[in-house]
Amino acid sequence: MSAKSIRTAGPGAVTAVIAMSGVVVSLMQTLVVPIIPKLPQLLDTGPSNASWVITATLLAAAVITPIAGRLGDMYGKRRILIASLLSLIAGSVICAVSDSLVPVIAGRVLQGLATGVIPVGISILRDELPADRVGGAVSLVSATLGVGGAIGLPVAAAIVQYAHWHVLFWLAAGLGAICLALVAALLRESPNQSPGRFDTPGAAGLAAGLVLLLLPVTKGGDWGWTSGTTLGLFAGGLAVMVLWGWYELRAPQPLVDLRVTVRRPVLFTNLASILVGFAMYAMSLTLPQLLQSPEATGYGLGQSTLAAGLALAPGGLIMMALSPVSARITARHGARVSLLIGVAVIGAGYGAGLLLMSEVWQIIVMSMIVSAGVGIAYAAMPALIMGAVPVTETASANGVNALMRSIGTSVSSAVMAAMLANMTMQLGPASVPSEHGFRMTYVVAMLAAALGLLLTLAIPRLRHSTAPQNTVPAPADTPEPARTH
């Protein structure tokens with residue numbers, strides 16, 4: 001069935017299909033969290049090697065988001081959406097039939113490559129929906145970045161507790177197949193494209209630079225932060241990114257139009273996105289450990305993996321529920337105000353967490369407050385981006401914004417893990433994170449939220465929260481029109 005022969009689905013159906021696909025793709029973030037301690041045994045390898053099951057997905061997701069966005073702008077967003085879901089299905093099946101390290105890592109890479117679904121899906125909403133429906137739909141789909149991860153934790157924990165670990169990946173493959181069928185049946189190809197020649201050198205340079213920078217971020221704890229390998233990769237990554245930027249500014253059809261990216265609305269939104277991603281992932285990493293810490297520590301709550309996942313699940317539902325609230329705030333006051341409110345709520349949630357650590361219900365309340373802020377903030381970011389870029393670069397610009405969030409989560413993972421590993425107490429023969437360590441992670445997350453608030457204040461006020469469907473006003477600080485391809 002060709003895309004042209006597909007009967008156009010209504011706005012509600014289009015939004016539902018893309019939102020479901022976003023949730024399924026973001027599930028991959030937490031799919032293997034419950035089996036992390038068992039991975040060395042399950043894959044017959046060492047702990048350091050087993051950690052690549054997580055690292056590979058993070059790196060693949062970071063690399064693909066801007067590339068998938070540009071491919072969607074050039075060759076069709078529906079086509080890239082389908083390719084991304086096929087990658088998820090293939091990766092899930094490979095993991096589901098494998099019991100050794102290398103094929104599982106390969107499968108996890110393919111799962112990570114599906115992350116482009118979210119920025120490309122957001123761009124489809126801008127192209128296909130009536131103007132009055134775009135804000136709410138974009139907010140909902142953007143929030144799925146956090147929703148899928150929050151919901152995935154208890155689901156994965158329940159599967160691991162009551163079934164074989166391969167069932168995790170069969171479930172992912174099945175959900176991916178359902179999304180693929182819905183996309184193929186209900187979505188037509190977007191009319192807004194930017195034909196041209198794909199910037200292969202730019203894509204290769206960006207991929208190499210990101211891998212060289214993010215690899216030591218995610219593995220620095222194992223290698224040593226001052227080791228030659230870690231410092232060498234950081235230096236190499238910076239050098240590659242400088243050369244990449246020089247090339248992109250001179251390329252006739254660049255992968256990322258850096259002249260658009262450095263405009264104040266886009267630049268400061270992306271910088272704030274790093275901080276929001278950092279603060280969001282800090283909660284995902286620290287709260288499960290606090291809930292599962294032994295009661296003998298004096299502060300631990302002694303919960304099972306499943307119970308800890310269920311305690312954090314309401315946060316995902318809160319993110320989803322507040323996305324339309326963010327859209328209404330954006331419609332009335334602008335996306336900048338929505339982002340300010342979201343980041344402020346995140347900071348308030350971590351501040352409350354310093355006082356709410358002694359009971360399970362208190363952790364639930366704290367996680368719901370932080371999740372509420374994440375939901376509002378995540379929903380506002382695409383509106384700020386789309387209000388400042390040409391319609392033919394929507395997917396690419398949203399891909400870069402998703403990349404910024406991924407960088408934030410990767411840095412958060414490294415920072416929080418290092419803090420909890422170095423602030424410990426002895427419990428018999430074991431060394432476990434101390435109460436002071438958990439409190440300090442909250443403080444660092446609060447500081448990240450405060451810096452995100454300052455960056456958001458630097459975003460100039462625009463007259464409209466989202467751009468019209470086919471035209472984009474030039475931002476006030478950029479008098480020349482946006483360059484299109």
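Analyst: A crossing is left-handed if the near helix is turned anticlockwise from the far one by less than a right angle, and right-handed if clockwise. In this predicted model, helix H5 passes helix H9 in a left-handed crossing.

User: What makes H5 roughly antiparallel to H9?

Analyst: The axes of H5 (residues 77–96) and H9 (residues 166–186) cross at roughly 160° and come within 8 Å. Angles over 145 degrees count as roughly antiparallel, so H5 is roughly antiparallel to H9.

User: Which residues of H5 and H9 meet?

Analyst: On the H5 side they include Arg78, Leu81, Leu85, Leu88 and Ser92, and on the H9 side they include His166, Phe169, Trp170, Gly176 and Leu180. By class, the residues of this contact are 18 nonpolar, three polar and one charged. Arg is in the charged class, and Arg78 is among the H5 residues that meet H9.

User: How do you know that H13 is roughly antiparallel to H16?

Analyst: Helix H13 (residues 264–292) packs on helix H16 (residues 360–386) at an angle of about 160°, with the two axes 10 Å apart. The cut-off for roughly antiparallel is over 145 degrees, and therefore H13 is placed in that class against H16. The crossing of H13 past H16 is left-handed.

User: What makes E1 and E2 a pair of strands?

Analyst: Strand E1 (residues 424–427) and strand E2 (residues 430–433) are joined by four bridges and run antiparallel. At least two bridges are needed for pairing, so E1 and E2 qualify with four.

User: Why is Ser434 called buried?

Analyst: The relative accessible area of Ser434 is 11%. Buried means under 20%, so Ser434 falls in that class. Ser434 lies in the loop between E2 and helix H18 (435–457). Setting aside residues up to four places away in sequence, Ser434 touches Tyr299, Met423, Thr424 and Met425.

User: How do you know that Gly237 is buried?

Analyst: Gly237 has 0% relative accessibility. That value is under the 20% limit, and Gly237 therefore counts as buried. Gly237 belongs to helix H11 (residues 228–250). Apart from neighbours within four places in sequence, Gly237 is in contact with Gly209, Leu212 and Leu213. From Gly237 to Ile18 the C-alpha to C-alpha distance is 34 Å, across 219 residues of sequence.

User: Why does Asp44 count as exposed?

Analyst: Relative accessibility is 71% for Asp44. Exposed means over 50%, so Asp44 is in the exposed class. Asp44 sits in the loop between helix H2 (39–43) and helix H3 (47–50). The phi of Asp44 is near 55°, a positive value in a residue other than glycine.

Conventions. Residues numbered from 1 in each chain as written. Predicted model: local features only at pLDDT ≥ 70, side-chain atom pairs only at ≥ 80, totals over all residues. Heavy atoms only, no water. Helix = DSSP H or I, 4+ residues; strand = E, 2+ residues; numbered from the N terminus. Axes fitted to C-alpha atoms, helices over the stretch in contact; angles between N-to-C directions. Parallel < 35°, antiparallel > 145°, perpendicular 65-115°, else oblique. Contact = heavy atoms within 4.5 Å. Buried < 20%, exposed > 50% of the residue type's maximum accessible area, 1.4 Å probe, protein only.
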